[in-house]
Amino acid sequence: MADPNVIHGRALDPIPNISLGEFLLSKLQSKGNSVAQVDIVTGETLTYPQILAKSINIAEYMRELGIRSGDIVCISSENNLDYCLPVLATLYIGATCAPLNPAYTEGELVHAMSISKPRIVFASALTISRVVGAVEKIDSVRDIVLIGRQTPGPLPCTVRLLSDFISQRMANNQLFIPARVNPERDPCLILCSSGTTGLPKGVELTSRNFLQFVFVTNSGGLPDTECILGLMPFYHGYGFGLLTVAIMRGGTVIVFPRFEEELFLRAVQDYKISTLFVVPPLMVFLGKHPIVDKYNLSSVKTIICGAAPLDKDTQLAVSQRLGVKDIRQGYGMTETSILATSYTDGVPVKMGSSGRVVTGMSAKIVDVETGNSLPRNKEGEICFKGNMVMKGYRNNIEATKSTIDQDGWLHTGDIGYFDDDGDLFVVDRIKELIKYKGFQVAPAELEAILYTNKAVRDACVVGKPDTMSGEVPVAFVVLQANAKASEKEIVDYVNERVSAQKKLRGGVRFVSEIPRNPSGKLLRRILRSKL
């Protein structure tokens, strides 16, 4: 008997039975001579024919090195024009691409590479010294290749240069034959989970997983736009997905190697960006920072916010300030191939909602204690099922079993509910809920209140152990420049607006910044360790 509490997205048209590499190669072969990418700092450009030729040359080179299907290729780099080249080459030859956070320390690189066990690592000048140090502890790595336009100084003789083997090869683009793989079984990507509650895990995604994401975005999951800002880090699922979709559609990506406030605003103004893809901290910046008023952002018609929940007050502040009515949230995880719910064109957007279940996926809310499915408007753990659910965690069967149950439902660890129209509202993380005298307190609710205080620029609430109550909420607060507020004023501001169990009984601690990962998710565990 069908579960009446399960919500289904629209049926998806059949997906071609090919690899992600075959799909992207066919798209690149059909593009004209248009500009694919622009470096926002240098103004250097890369056309689609150039990407095609260079990526095929790299693919042929990796084949000469003996890299085949089943091998892992890591990329450790900030966003740059070279980034997509080894990614595409890896996918063409049926190997598995494993992007790494360029901010990883040497120890974190060792952890990540011990999961994926790469055969070759592509690294930029920014990361090369840490990569070289980490590789000494990873037996699987045979080659390191420097990418990007910058040079880091003297390099070990074992490091190859990407520019050398691109210029030495003149592959015939039309004669190149990509590898055949099993799109449902063979992983094409290993993306690191966000690591907000512990060390990152390697999320294995197959071609079928990621191609469904690509087709969902093309059937209304993401607005079609000619030019986007490549602001989100390409190693992260959000940025990687946008880069892939841009290649598929033939649009132009303005590549940001780093975020700078005025560079970002000037790019929106000068390139007349119509759709902005952002994360919540950037929304706070757009809603509150005085520098925003110096620039003409009238071209922006749609804003898509993802990677972390966006509170209603910030959404409203940005809408009123920029005059943008179409502000949408999406919900997803690396484990769901980036996307699971979103608002498509023409569907009324509800403030604070992350949209509806995407095409080809199913969802339900389950009771955290019993595991039973819950009806609409009841809070519980959000679960998803469908072809976008990951294959599993790399070399971690126990973690996979604890996340995907025997019926194929992926348990997100997030608390939320679907309303009567099927719109998802995310409340908080299960692990981040504060347990005060048996009550469950959502940090995100208290943070949303803090954001309404004009003196507050950023905030994070965590649970502080308490022998009498279990846990009490404590707020870490960053004040606006030149703003003055005492701990008592902030505590009173929150406590006047919440019920008894939600009061800031742990007080307020003023800090210079709130730790977040590059996608904008709060790293509560770092602040919790300071208590």
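**Close-up views of a predicted model**

**View 1. Strands 11 and 12 run side by side.** Strand 11 and strand 12 (residues 252-255) pair in the parallel sense, over four bridges; two strands count as paired if DSSP finds at least two bridges between them. Within this pair, G230 has V255 of strand 12 as its bridge partner. Helices (H or I, at least four residues) and strands (E, at least two) are DSSP runs numbered from the N terminus. This is a predicted model, in which local features need pLDDT of at least 70 and side-chain atom pairs count only at pLDDT 80 or more, while totals for chains, interfaces and linings use all residues. Residues are numbered from 1 along each chain as its sequence is written, and side-chain values use heavy atoms, with hydrogens and water left out.

View 2. In helix 4 (residues 106-116), the buried residues include L109, V110, M113 and I115; buried means under 20% relative accessible area, exposed over 50%, and partly exposed in between (1.4 Å probe, protein chains only). Among the elements covering them are strand 4 (72-76), strand 5 (96-100) and helix 5 (128-135), where contact means heavy atoms within 4.5 Å. Just after helix 4, look for K117, which takes a positive phi of about 55°.

**View 3. A salt bridge between E184 and R208.** The two side chains meet at 3.4 Å, N to O; a salt bridge is a side-chain nitrogen of Lys or Arg within 4 Å of a carboxyl oxygen of Asp or Glu. E184 sits in the loop between helix 6 (162-167) and strand 9, and R208 in helix 7 (residues 207-221), so the pair ties together parts that are 24 residues apart in sequence. E184 is exposed at 55% relative accessibility, whereas R208 is buried at 15%.

**View 4. R356 meets D423.** The closest N and O atoms of this salt bridge are 3.3 Å apart. R356 belongs to strand 17 (residues 356-357) and D423 to the loop between strand 22 (410-418) and strand 23 (424-429), 67 residues apart. R356 is partly exposed at 29% relative accessibility, while D423 is buried at 0%.

View 5. D492 and K488 meet through their side chains at 2.7 Å, N to O. Both lie in helix 14 (residues 487-495), four residues apart, about one turn of the helix.
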